[in-house]
Amino acid sequence: MSFFSVTKSLSAISRTLDSTCKPIDADCNTLMASLALDLRKDENCAADYRREQPLVVAAYNGLVAYEPLYKAGCARDPEKGNYCFANAITNTSSPTDSYPYYLPLGIPLPGGSQPSCTSCLRETMRIFNEAASDKNQQPLIKTFPGAAQMINVGCGPGFANQTTAQGSGGVPTLRILPTGKFGFVIGVSMLTALFML
């Protein structure tokens, strides 16, 4: 069964996340961070990264986004016990609920998006705020502040903590916007391909 098919069913995506959300291996975080640093070295892809070549930027963003995406993807709804990501990706009445999961990949929240104001969205934004605060060249440095501001307009002041300073450089923002589940599947497929290297 394809990942796209799995995202259409809360029980199917939950089973997939059960397998994915085993305790995180610190060595994996270290490996992803190391690969991200190596990618930006002069002898590797630094020139393409500086020119903001989309595939190189996407690869870098995917590597540094591993930890916050893992944490957010495996977070559980405190009220229902479901995975927050599973709730978001299967919510057909509010398709923008999945959009915040693009933020760590350097993809901003599209204008006019209003994800549902749930405890899951609050937790996801808390995780991303924490990652953006790290200042470790996270794409979230650029995408989180605007998304938090947009979410706070719809959900109320302080719903998404905005303590992270707006990033001024270092991490290019991808110039593509998510388009529902299909766009997310492309992003996840890209990350999957990176992790299989």
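These legends describe close-up views of one predicted protein model. Because the model is predicted, local features need pLDDT of at least 70 and side-chain atom pairs count only at pLDDT 80 or more, while totals for chains, interfaces and linings use all residues. Residues are numbered from 1 along each chain as its sequence is written, and side-chain values use heavy atoms, with hydrogens and water left out.

**View 1**
Helices (H or I, at least four residues) and strands (E, at least two) are DSSP runs, numbered from the N terminus. Along the sequence the pattern reads α-α-α-α-α-α-α-α-α-α. The protein has 197 residues, and 48% of them count as buried. Buried means under 20% relative accessible area, exposed means over 50%, and partly exposed lies in between (1.4 Å probe, protein chains only). Take the contacts between residues at least 6 apart in sequence: 71% of them join residues at least 24 apart. A contact means heavy atoms within 4.5 Å.

**View 2. The largest nonpolar core holds 48 residues.**
A nonpolar core is a set of buried Ala, Val, Leu, Ile, Met, Phe, Trp, Tyr and Cys residues joined through side-chain atoms within 4.5 Å. L17, L103, M125, F128, L140, F144 and I151 touch the most other members. Two or more residues come from each of α2 (10-20), α3 (26-39), α5 (54-64), α6 (66-74), α7 (84-90), α8 (119-133) and α9 (140-155). The largest share, 7 residues, comes from α8. Look next at M125. Leaving out residues up to four places away in sequence, M125 touches P100, L103, F144, A147, A148, I151 and A160.

**View 3. Helix α8 packs against helix α9.**
Two packed helices are described by the angle between their axes and the distance between the axes. Axes are lines fitted to C-alpha atoms, for helices over the stretch in contact, and angles run from 0 to 180 degrees between N-to-C directions. For α8 and α9 the angle is about 150 degrees, and the axes lie 10 Å apart. That angle makes α8 roughly antiparallel to α9. Angles under 35 degrees count as roughly parallel, over 145 as roughly antiparallel, 65 to 115 as roughly perpendicular and the rest as oblique. The crossing of α8 past α9 is left-handed. A crossing is left-handed if the near helix is turned anticlockwise from the far one by less than a right angle, and right-handed if clockwise. On the α8 side stand L121, M125, F128, N129, A131 and A132, which meet L140, I141, F144, A147, A148, I151 and C155 of α9. By class, this contact has 12 nonpolar, 1 polar and no charged residues. Ala, Val, Leu, Ile, Met, Phe, Trp, Tyr, Cys and Pro count as nonpolar, Asp, Glu, Lys and Arg as charged, and the others, Gly among them, as polar.

**View 4. Helix α3 packs against helix α5.**
Their axes are 8 Å apart, at an angle of about 155 degrees. This makes α3 roughly antiparallel to α5. The crossing of α3 past α5 is left-handed. M32, L35, A36 and L39 of α3 make the contact with V56, A59, Y60, L63 and V64 of α5. The class count is 9 nonpolar, no polar and no charged residues. M32 sits in helix α3 and counts as buried, at 6% relative accessibility. The C-alpha atoms of M32 and Y60 are 9.3 Å apart, although the two residues are separated by 28 residues along the chain.

**View 5. Helices α5 and α6 cross at roughly 55 degrees.**
Their axes come within 4 Å. The two helices are therefore oblique to each other. G62, L63 and V64 of α5 meet Y66, E67 and P68 of α6. By class, the contact of α5 with α6 has 4 nonpolar, 1 polar and 1 charged residues.

**View 6. E52 lies in the loop between α4 (46-50) and α5.**
The phi angle of E52 is near 60 degrees, a positive value in a residue other than glycine. E52 is partly exposed, with a relative accessible area of 32%.

**View 7. G156 lies in the loop between α9 and α10 (180-195).**
G156 is buried, at 18% relative accessible area. C117 is 39 residues away along the chain, yet the C-alpha atoms of G156 and C117 are separated by 9.0 Å.
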